[in-house]
Amino acid sequence: MSADFLYGIEVIINGLMAGVLYALVALGFVLIYKASGIFNYAQGVMALFSALTLAGIMSGQVPFAHLINAIFGTEIHHFGWNVPVLAAIILTLIVMVIFAWCVQRFVFRHLVGQEPIILFMATIGLAYFLEGVGDLMWGSDIKTLAVGLPQGGSLWVEDATSGLGGDDFYGFFIDKLDMVATVVAIILVAGLIAFSQYTKQGRAMRAVADDHQAALSVGISLNFIWVLVWSLAGLVALVAGIMWGAKSGVQFSLSLIALKALPVLMLGGFTSIPGAIVGGLIIGVGEKLFEYLIGAPFLGGATENWFAYVLALLFLVFRPQGLFGERIIERV
Amino acid sequence: MTTDATPYVTEDGRQIGGVMMDLRDITLRFGGVEAIKSISFDIREGEIRAIIGPNGAGKSSMLNVISGFYKPQEGEVHFRGKKRPPMKPYQVARQGVARTFQNIALFEGMSVLDNIMTGRMGHIKSNMLAQAIWSGKAQREENENREAVERIIDFLEIQAIRKTPVGRLPYGLKKRVELARALAAEPDLLLLDEPMAGMNVEEKEDMSRFILDVNDEFGTTIALIEHDMGVVMDLSDRVVVMDYGRKIGDGTPDEVRNNQEVIDAYLGVAHD
């Protein structure tokens, strides 16, 4: 096999793995949109916030330290301990569940039955609020998230595949973190699907997504389901936050990954979990392959920044419901 | 008016027990409009109780009060001898009150089977994790619930459409699926809001038969709203008649049929 062909395959593999990370973010959007019709602009900030919280808890930071010091004139910043990864993840999850409950109790409970645009505006407010809280709680400095995930290229894969091509080919370069992210994403998605198909709460979730009145009449509490859905979105945000945070450090620009999820959703459809996965993979592979084959040689490179949006635009024109979304049918 | 609540046996041999639900001086307002004006009546165990009246009489509002969708401003609801505190609809449902809707509220995206399974929500006790990993106990429970649902499917003769998404069904069958979902909960009290509206004669006969069979075989207490007088008189043990939010008649079909006020409300009356 020629080296060029093999490098093309490497690009595709790396694209697939980047796509997994996009899909992780998109998944959070789909969960909430399906169950409550809310397009949650704050999903990216939730990923940021959960990563901040995890990093803060692990390093034993005192939450709201600046605020406390400013009011009481104290000088506390650290508890002086380090929390082990697993315990910190569980604590962060608890924080995300509390957040979910607060969102439902103080925001969306009062907006039941409102226009989608109003719900959307509320999530924009929520995004900025959460960003502010994250800053106030943990400070605005860039944090490293050392959760013990492997980094760098996998030598094993490189060695195992170096014999495939000629002298020009040195084996596939695949980031170990991307491999971990892929495995975690697969487990997460399998878990979510098992949950929504086989459990009573999952069935209730689908029921609420379909018809509120009918759901009430069979004994489903809407509030409980919505808190549950926001908690799940918090879990997905945490996983996305860990992966992205481990890759590029926990910084406030992390919340912008939400923008990368938009083209993924337009491709996959806002209402489909498999759609979010496939959409993420297509965008991931598409932008890497486009850069490799057309962007770098002919267009001067840096096409990865805009390729996804152009692809999404094409989808909006020709298939607005996405690949797996519910057909948009207007009955007269 | 029937006031004593001694159990008795009907002509066709069904047991009618004591008072199951007692509504006392219910008043419901929407802004300045009084939809229900101080109405009292009761529903007894094992009976088929009809609520009739012209359009806009407040029948559906009454059913919504019973099922917790509306909260009356005044009056008390007593259920199984206890005063019921203000409740959310899902809490009422968990107490064993199932209902159908006038305009059908089904989960359109799910199959008939899944729709009916949602009715079993209150009968699933094992925890989330056990269900997700398909543990032995959870699986047994799931199988039991599936069997119960299959019995109802057989009973209502909808085997042929088990796997069909509800959105694709014609109106008459949707009504039947909605009844199946309500039955799946094995309710003590079943509320039917115009179960035969918009049906042709044949479908109405089927539905009447199902309602009678449910009452007879499962002993389910039924309260229903219906427009078709013939159907109501055939089906029900006792009838409440409403007009403009007031109760104008209450009793057996024969008593109600001969009540002058009821005749006036239905046929119109000359104002002199």
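Reader: How many residues of chain B are in contact with chain A, and what makes two residues count as "in contact"?
Author: The test is that their C-beta atoms, placed from the backbone, lie within 7 Å. By that test, 25 residues of chain B are in contact with 20 residues of chain A. Keep in mind that this is a predicted model: local features need pLDDT of at least 70, side-chain atom pairs count only at pLDDT 80 or more, and totals for chains, interfaces and linings use all residues. Residues are numbered from 1 along each chain as its sequence is written, while chains are lettered from A and ligands numbered from 1 in the order in which they are written.

Reader: Which elements give two or more residues to the side of chain B that touches chain A?
Author: Those are helix H2 (89-94), helix H3 (112-118) and helix H4 (128-132) of chain B. H2(B) has the largest share, with four residues. The names come from DSSP runs (H or I, at least four residues, for helices; E, at least two, for strands), numbered from the N terminus.

Reader: What classes of residue make up that side of chain B?
Author: There are 15 nonpolar, six polar and four charged residues. Here Ala, Val, Leu, Ile, Met, Phe, Trp, Tyr, Cys and Pro count as nonpolar, Asp, Glu, Lys and Arg as charged, and the others, Gly among them, as polar.

Reader: On to chain A. How many helices and strands does its secondary structure come to?
Author: Chain A comes to 13 helices and zero strands.

Reader: And why is chain A called as compact as a globular protein of that length?
Author: We set its radius of gyration (taken over C-alpha atoms) against the globule rule (2.2 Å times the number of residues to the power 0.38). The rule gives 20 Å for 332 residues and chain A has 21 Å, which is close, so the label applies. The C-alpha atoms fill a box of roughly 65 × 65 × 40 Å along the principal axes.

Reader: What makes the crossing of H1(A) and H12(A) right-handed or left-handed?
Author: A crossing is left-handed if the near helix is turned anticlockwise from the far one by less than a right angle, and right-handed if clockwise. H1(A) passes H12(A) in a right-handed crossing. Their contact divides into 18 nonpolar, seven polar and two charged residues. Helix H1 (residues 3-36) and helix H12 (residues 273-299) of chain A have axes that come within 6 Å and cross at roughly 145 degrees. Axes are lines fitted to C-alpha atoms (for helices over the stretch in contact), and angles run from 0 to 180 degrees between N-to-C directions.

Reader: What makes S11(B) and S12(B) a pair?
Author: Two strands pair if DSSP finds at least two bridges between them. S11(B) and strand S12 (residues 246-251) of chain B have five, in the antiparallel sense. Within that pair, B:Val241 has B:Gly249 as its bridge partner, and B:Val240 stands opposite B:Asp250. The two strands form a hairpin with two residues between them, and B:Tyr244 in the turn has a positive phi of about 50 degrees. Strand S5 (residues 48-52) of chain B is joined to S11(B) by four bridges and runs parallel to it, with B:Ala50 opposite B:Val239.
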